[in-house]
Amino acid sequence: MKPLLFTIAIVFCIVVTKAQTGNVGQTEVTEWQDGKAGAVSITYDDGSYHQFTKALPVMERLKLPATFFVITGGIPGSKYQGKFIGRPVKEIINETATIPTNDQNFLERCSAAGYLGYKGTITYVTKAGGMYDNPKRKEQAFKVMDDVYQKVRNGDFQPGYQPCDEYLQEKGSTWDDFRRYAAEGYEIASHSITHASMPGLDSVNIVYELEKSKEEIKNQMGAKYTFSTEVPYGYENERVMKIAYKIYPALRNRMPEPWLTELDRPSKKTPAVNKLDYVQWQRECNTRSPLPLMKSWVDTAVTRKDTWLVLVIHGVDGLGYEALPSTLLDEYFQYIKSNEGKVWVATFGDVTKYMRERESAKIQNDQKGGKIMISLKHSLDKTMYDLPLTLKTYVPSDWKEANVKQGKNVVKVEILKDDKGSYIKYRANPNQGQLTITGT
C-alpha cells in the first residue's frame with residue numbers, strides 16, 4: 001500500500017510541476033491597480049469653499065486623493081461667465097405676453113430666463129428644468145415659465161443678476177488654489193460654468209455651459225484636467241448626455257460601457273446584481289446616511305472584487321447642500337484609509353482610465369534565454385490614457401526574486417504564489433516599449 005501511495009504522490013508532483021511550468025509567462029491585467037480588491041473614488045460637487053478649507057486638510061493629512069467638480073464661472077479671473085445665447089431677450093419677454101409656454105418654446109424661454117436682467121429668476125430656471133426632465137411634469141414646467149415671465153413683465157423683480165447658491169458658495173477659492181491642489185494629486189474637474197439646470201436649456205446653451213467650462217479649465221489648469229465632468233444636479237437626461245459625451249471623455253452622471261453596470265445615487269440595488277466586469281456604485285454621503293451605513297459601502301467594495309464605489313459629497317460644515325460635519329468626514333476618511341491595503345483609492349478620472357485601458361489592453365509574451373518578454377498595448381488615445389496598469393505574470397517556480405525592466409526603469413519585485421504557481425505583480429506603462437523580466 002505504501003509504495004502505491006508513494007507513486008501517486010510522485011505522479012501528483014509531476015503533474016503540478018508541469019502545470020506550473022506551463023503557466024510561465026502567462027500575463028493578465030489585474031482588475032484594479034496593484035491587485036486591490038476594489039476601488040473607491042471620493043468626489044465633491046459644486047466646489048463650495050468649505051470643501052477646500054475644512055475637508056481637504058483632512059484628506060491631505062491622510063494622503064487620500066479626491067475629485068472636485070467645480071463651477072468655473074464663480075472663480076475670480078474666469079473668462080467665461082453665464083449668458084444666454086439666442087435672440088434678444090426683450091423679444092422673448094414680449095412674446096410671452098400672448099403665447100403661452102409649450103414644447104416648442106420652452107427650451108428657449110428657460111435658457112433665457114436667468115439672463116433677463118433681473119435678480120431672482122435663476123430659481124425658476126432650476127425648478128422648471130427639473131420638472132421638464134420628468135415627462136409627467138412638463139405642464140408644470142410650462143406654468144413655472146409663464147409665472148416668471150409674467151412677473152418680469154409686471155416689474156416684480158429687482159434689476160440685476162443673481163446666480164444660484166452653489167455658484168455663490170465657491171467664494172474664497174482661486175485658480176491659484178486649484179493649481180496648488182492639483183499639484184498634490186487632486187483632480188479639479190468641470191461642473192459647468194454656472195451650475196445650470198441643463199434639461200431646461202436648449203442645445204446651444206448646453207454646449208456653451210460645458211464647452212466653455214472645459215476651455216476655462218484647460219486655460220487655467222491644463223488639458224489633463226478636462227477629462228472628467230459632472231453635469232449639475234446629477235441629471236441623466238438623454239438629450240443632455242448625448243451633448244456632454246461629445247465634449248468630455250468621462251461623465252460621472254452616466255458611463256455607458258458594455259463592461260460596466262451603473263448603479264446611480266437613487267438606485268436601491270446593490271452590486272450583487274452585477275454580471276459584467278465592473279460595477280460603478282454611486283452613494284451619496286449626506287445627512288440621511290449614518291456613518292455605519294457609509295462604512296458598509298466600503299466593506300462591500302472590499303468583498304465584491306468588481307466594485308467601484310463612487311462617493312458623492314456636497315456641503316461641508318454648514319456650507320452647501322446636505323452639509324456634513326468635517327469631524328464626521330474625518331472619521332469616515334480614516335476608515336477608508338484603514339482599508340487602503342484592500343481597496344484602491346483614486347480620483348474619478350484615474351479609475352475611469354484604468355478600467356478603459358484594461359478593457360482595451362492587448363498582451364503578448366515570449367521567453368528567451370531565461371527571460372520573459374511582455375508587450376502591453378492599447379488602442380486608446382495615448383495622450384489621454386497614460387495611466388500605468390498592474391500586470392500579473394507567472395514566473396519559474398525556482399526564482400527567488402525578479403527584476404522588471406521597461407525602458408531605463410528597472411524595478412525589483414517579490415515572488416508570490418497561488419494555486420497556479422509563482423507569479424509577480426508590477427506596474428507597466430502601455431505603449432511604452434517591451435518589458436523584460438529576469439529572475440535569480
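Helices (H or I, at least four residues) and strands (E, at least two) are DSSP runs, numbered from the N terminus. By that rule the protein chain holds 13 helices and 18 strands. The model is predicted: local features need pLDDT of at least 70 and side-chain atom pairs count only at pLDDT 80 or more, while totals for chains, interfaces and linings use all residues. Residues are numbered from 1 along each chain as its sequence is written, and side-chain values use heavy atoms, with hydrogens and water left out.

**Confidence and overall layout**

- pLDDT is the predictor's confidence in each residue, from 0 to 100; the protein chain averages 94, and 95% of the residues score at least 70.
- Residues 1–19 have a pLDDT below 50, and this stretch makes zero contacts in the model beyond near neighbours in sequence. Contact means heavy atoms within 4.5 Å.
- The C-alpha trace of the protein chain spans about 105 × 40 × 40 Å along its principal axes.
- Of the contacts in the protein chain with a separation of 6 or more, 71% join residues 24 or more positions apart.
- Buried means under 20% relative accessible area, exposed over 50%, and partly exposed in between (1.4 Å probe, protein chains only). Of the 440 residues in the protein chain, 51% count as buried.

**Nonpolar cores**

- A nonpolar core is a set of buried Ala, Val, Leu, Ile, Met, Phe, Trp, Tyr and Cys residues joined through side-chain atoms within 4.5 Å.
- In soluble globular proteins, nonpolar side chains tend to be buried together.
- The largest core has 44 residues, of which Ile42, Tyr44, Phe68, Phe178, Leu311, Tyr332 and Phe333 touch the most other members.
- A second, separate core has 36 residues, including Met355, Tyr385, Val404 and Val413.
- Leaving out residues up to four places away in sequence, the contacts of Leu311 include Val40, Ile42, Cys285, Trp297, Tyr332 and Ile336.
- Cys285, one of these contacts of Leu311, is buried at a relative accessible area of 2%.

**Helix H12**

- Helix H12 covers residues 326–338; at 1.5 Å a residue its 13 residues should span 18 Å, and its end C-alpha atoms are 18 Å apart, which agrees. The expected span of a helix is 1.5 Å times one less than its number of residues.
- Its buried residues are Ser326, Leu329, Asp330, Tyr332, Phe333 and Ile336.
- These buried residues of H12 pack against H2 and helix H11 (291–304), and against strands S2 (38–46), S8 (278–285), S9 (307–313) and S10 (343–345).

**Helix H6**

- Helix H6 runs over residues 138–154; its 17 residues should span 24 Å at 1.5 Å a residue, in agreement with the 24 Å between its end C-alpha atoms.
- Ala141, Phe142, Val144, Met145, Val148, Tyr149 and Val152 are buried in H6.
- Seen down the axis of H6, the buried residues fall within an arc of 160 degrees, so they line one face of the helix. The arc is that of the directions from the helix axis to the C-beta atoms.
- The exposed residues Glu139 and Lys143 are on the face of H6 turned away from its buried side.
- The cover over the buried residues of H6 includes helix H3 (89–95), helix H4 (106–113) and helix H5 (122–132).
- Gly155 follows H6 and has a positive phi, near 75 degrees.

- Most residues other than glycine have a negative phi, and most peptide bonds are trans.
- Lys63 has a positive phi near 60 degrees; this residue lies in the loop between helix H2 (49–62) and strand S3 (67–70) and is exposed, with a relative accessible area of 64%.
- Asn431 also is not a glycine and has a positive phi of about 60 degrees. Asn431 is in the loop between strand S17 (421–428) and strand S18 (435–439), and counts as partly exposed at 22% relative accessibility.

**Cysteines**

- A disulfide is a pair of cysteine sulfur atoms within 2.5 Å, and by this rule the count is zero.
- The sulfur of Cys164 is 13 Å from the closest cysteine sulfur, that of Cys110, which is too far for a bond.
- Cys164 counts as buried, at 8% relative accessibility.

**Ile193**

- Ile193 sits in the loop between strand S4 (187–190) and helix H9 (203–221), and counts as buried at 0% relative accessibility.
- Beyond residues up to four places away in sequence, Ile193 touches residues including Ile71, Tyr80, Tyr167, Tyr208 and Lys212.
- Ile193 and Thr438 are 245 residues apart in sequence and 52 Å apart in space, C-alpha to C-alpha.
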